[in-house]
Amino acid sequence: MSALRTRTLILLGLLATALSAAGSWIPSFWGDEAASVMSAERSWSSMFDMLTTVDAVHGLYYSFMHVWIDLFGASAFSVRLPSAIGIGIATAGIALLASRLTRPSVGIVAAFLFMTLPRTTYNGMETRAYAFTMALVIWLIIYLVSLVSRRETRIWPWIGFAALFAFSNILFIYTVLFAIVFAIIGLTMRPDRPTILRSILWVGVGAFVSLPIIALAFLEREQIAFLHSRVGFTVKALFETPWFTQPIPAIIGWSLTATAIATGLVVYLLQRSGKRVSEPLTALYARQGERMPRVLVVACAWLFVPSIILAVGTTATPLYSPRYLSFTGPALALLMAVGVVAISRLVRVKMLVPLLTIAIIAATVPTYLGQRTPHPRNGGTDWNSLSAVVEKQANPGDAVIFDSSIRNARKPRLAKYMYPEAFAGLADVGLETPYAETDGLWDKVYSIEDTVPRLSEHNTVWLILVKQSFSDNPEIQGKYIPTLEAAGYTITDSFVGHRSTVYKMIRG
């Protein structure tokens, strides 16, 4: 059984980390990242109070980020760097796994396709746990294959596997679905009865240990109830958004995946019927040892089982969001790599492997560059731009009022916490209760009518409104300027941004 050398795996991991980290400081923070950073910046007691009512599923990640921010600060580059590192660890893992399941050449191609997959380069520059989840799933599969192939009888390696599985479930509860994936992989490795029983026991232990978090997440499930209305089972949501985000990479990716699966099935059926099959193709799809699983079994179970369960489950309760399937991205990259190598072996042109790989990567470049522009996320969140305006134009002692006509995760007041230096010295007159003093994620604020009486000491107000097309409640938004004008304030300047407008209003 051949596998890539450690030095090669390290180099691939470092390259993937650098690729994800490059330009990661450019895009504006957005709502999910605000939840991560603001939660991580709470005191430990405040975070615990919050997690008992909301976001328990992210508690482990928030705790890690709390420590990380204490050590390295909360700049955009700093808080996104852990995700880039996670992508590097995942890339090394998928290269190792692919080389063990099939050929080293497939491992290298899979690593390059995975590190440039649009969802990968997105997760690698976002302050969320998805990159770590990808890495954990890959290394769990490597761990399981190693244990089952050796028919491991010692208890400590199995305890280690159970602990890692529990850790992954606590980090992101949907990895519990991999209990089914593990069962499919393990059973196809022709294990003896004791190994089957050990596998069932320790996978079960890993799932059982994480039950408290799973139960708490179920109690907090209304937090994602909006998925019922916002996530439809369109072709885009099912086949494009989870991995590619754009149609051209999706068409290429699924074409290669279909090629890999169809070719593998044909090879398998021809072998079963006793017919001669090209040796290079046989080697590509064959077991790399009597006790090893087939590459198509691992990749297909990994890709399709969680996807189908989440899609079907959402018909009963909110479960499915395309980004939740990020942990299946490595499986898709693996199938794409098999497809690339299969095509080259079918036409018997070795140079086709690097040429096809480069062409596939080239198709992702526009998406990669687009991800690293100032306002690429969540409909064009522009907190970085509006903060820059306020920092340049406002003076200490001025007041600031934020639009509350939009849902919480898009409110411009979150810019105050993501870019605090821009709002230093300004009076947030609409703030009723800071988020860290609540058991929820966000601030509690006054209505504009209750805010105006709190302006008595401020002659200059900076009013930040989202553009009307983004407002969830235009009726509320429409009250801001007339109410302030009635209190004696006049607009003297305005700065129109990508999604927000900053108004300077002076009394008298």
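Reader: Is arginine 154 buried or exposed?
Author: This is a predicted model, so the value is computed from predicted coordinates. The relative accessibility of arginine 154 is 53%. The cut-off for exposed is over 50%. Arginine 154 therefore counts as exposed.

Reader: How many residues apart in sequence are the parts tied together by aspartate 32 and arginine 323?
Author: The two side chains meet in a salt bridge, 3.3 Å from N to O. Aspartate 32 sits in helix α2 (residues 31-40), and arginine 323 sits in the loop between α17 (295-313) and α18 (329-347). So the pair ties together parts whose separation in sequence is 291 residues.

Reader: What does relative accessibility say about aspartate 32 and arginine 323?
Author: Buried means under 20%. Aspartate 32, at 14%, therefore counts as buried. Arginine 323 has a relative accessible area of 23%, so it is partly exposed.

Reader: Where do aspartate 472 and arginine 407 lie, and how many residues apart are they?
Author: These two form a salt bridge, with the closest N and O atoms 3.7 Å apart. Aspartate 472 is in the loop between β5 (460-466) and α23 (474-477). Arginine 407 is in the loop between β1 (399-402) and α21 (415-418). The pair links distant parts of the chain, with a separation of 65 residues.

Reader: Which class of accessibility do aspartate 472 and arginine 407 fall into?
Author: Aspartate 472 has 42% relative accessibility, so it counts as partly exposed. Arginine 407 has 34%, and therefore also counts as partly exposed.

Reader: How many salt bridges does a search of the whole structure find?
Author: The pair of aspartate 32 and arginine 323 is a salt bridge. The search of the whole structure gives a total of twelve.

Reader: Why are α6 and α19 called roughly parallel?
Author: Helix α6 (residues 104-116) and helix α19 (residues 352-371) pack with their axes 10 Å apart. The angle is about 5°. Angles under 35 degrees count as roughly parallel. Hence the description of α6 and α19: roughly parallel.

Technical notes:
Residues are numbered from 1 along each chain as its sequence is written. This is a predicted model: local features need pLDDT of at least 70, side-chain atom pairs count only at pLDDT 80 or more; totals for chains, interfaces and linings use all residues. Side-chain values use heavy atoms; hydrogens and water are left out. Axes are lines fitted to C-alpha atoms, for helices over the stretch in contact, and angles run from 0 to 180 degrees between N-to-C directions. Helices (H or I, at least four residues) and strands (E, at least two) are DSSP runs, numbered from the N terminus. Angles under 35 degrees count as roughly parallel, over 145 as roughly antiparallel, 65 to 115 as roughly perpendicular and the rest as oblique. A salt bridge is a side-chain nitrogen of Lys or Arg within 4 Å of a carboxyl oxygen of Asp or Glu. Buried means under 20% relative accessible area, exposed over 50%, partly exposed in between (1.4 Å probe, protein chains only).
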